[in-house]
Amino acid sequence: MHSRHPAIEGHSLLYMYYDDAVAERATEKSDDERITECVAFVDRVFPELAGHRDMAHVTRWPRAVPMPAPGIYRKMYEVRNNLDANRASRVQLAGDYLSCVGQNTAIVHGEKAARNLIDNLQT
């Protein structure tokens, strides 16, 4: 949930972003087509939400830049430092929550977690 647009109690607010390759192809699609695709994805990933959508809105940006809440970079830095301090643990965390957004971030931190596990299991 984005802090500037909180959902009312008992509801969720989901944001869907396309990666560059999909976004380029999606520019020709209508808002209704985009919504249909996104709803199908959410229903597949979160089946408990199927049929409970209140509304949908499409915003089209030629370029987008994440606008994180104040203090988020500091908190992410603290989390990354805590993970680095615990790299010998058999439990490793990875994901895009270690940066503002993105699959690339998830991949980088996933690979780092995998390397840590391999190193830990070999010793």
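The largest cavity holds about 110 Å³ of space, and a search of the whole structure finds one cavity of 30 Å³ or more. This is a predicted model, in which local features need pLDDT of at least 70 and side-chain atom pairs count only at pLDDT 80 or more, while totals for chains, interfaces and linings use all residues. Residues are numbered from 1 along each chain as its sequence is written, and side-chain values use heavy atoms, with hydrogens and water left out.

**The cavity**
- A cavity is a set of points on a 1 Å grid over the protein atoms alone where a 1.4 Å probe fits but cannot get out, and its lining residues have an atom within 4 Å of a point.
- The largest cavity is lined by 10 residues, and Leu83, Asp84, Leu93, His109 and Lys112 are the ones nearest its centre.
- Helices α3 (72-85) and α4 (103-122) each supply at least two lining residues, with the largest share, four residues, coming from α4; helices here are DSSP runs (H or I, at least four residues), numbered from the N terminus.

**Salt bridges**
- A salt bridge is a side-chain nitrogen of Lys or Arg within 4 Å of a carboxyl oxygen of Asp or Glu, and by this rule there are three.
- Aspartate 31 and arginine 60 meet in a salt bridge, at 2.8 Å from N to O. Aspartate 31 is in helix α2 and arginine 60 is in the loop between α2 and α3, so this pair ties together parts that are 29 residues apart in sequence.
- Glutamate 37 pairs with lysine 29, and their closest N and O atoms are 2.2 Å apart. Glutamate 37 is partly exposed at 32% relative accessibility, and so is lysine 29 at 29% (buried means under 20% relative accessible area, exposed over 50%, and partly exposed in between, with a 1.4 Å probe and protein chains only).
- Lysine 75 forms a salt bridge with glutamate 78, with 3.6 Å between the closest N and O atoms. Both residues lie in helix α3, three residues apart, which is about one turn of the helix.

- Leu14, Met16, Phe41, Val45 and Phe46 make a nonpolar surface patch of about 420 Å². Patch residues have over 30% relative accessible area and no salt bridge, and nonpolar side chains (Val, Leu, Ile, Met, Phe, Trp, Tyr) are joined within 5 Å.
- Phenylalanine 41 sits in helix α2 (residues 31-45) and is partly exposed, with a relative accessible area of 38%.

Notes:
Patches are made of residues with over 30% relative accessible area and no salt bridge: like charges are joined within 9 Å, nonpolar side chains (Val, Leu, Ile, Met, Phe, Trp, Tyr) within 5 Å. Accessible areas come from the Shrake-Rupley method with a 1.4 Å probe; for residues, only the protein chains shown count as cover. On a 1 Å grid over the protein atoms alone, a cavity is a set of points where a 1.4 Å probe fits but cannot get out, and a pocket is an open set with protein on both sides within 12 Å along at least five of seven lines; lining residues have an atom within 4 Å of a point. Grid points are joined across faces, edges and corners, and a volume is the space filled by probe spheres set on the points.
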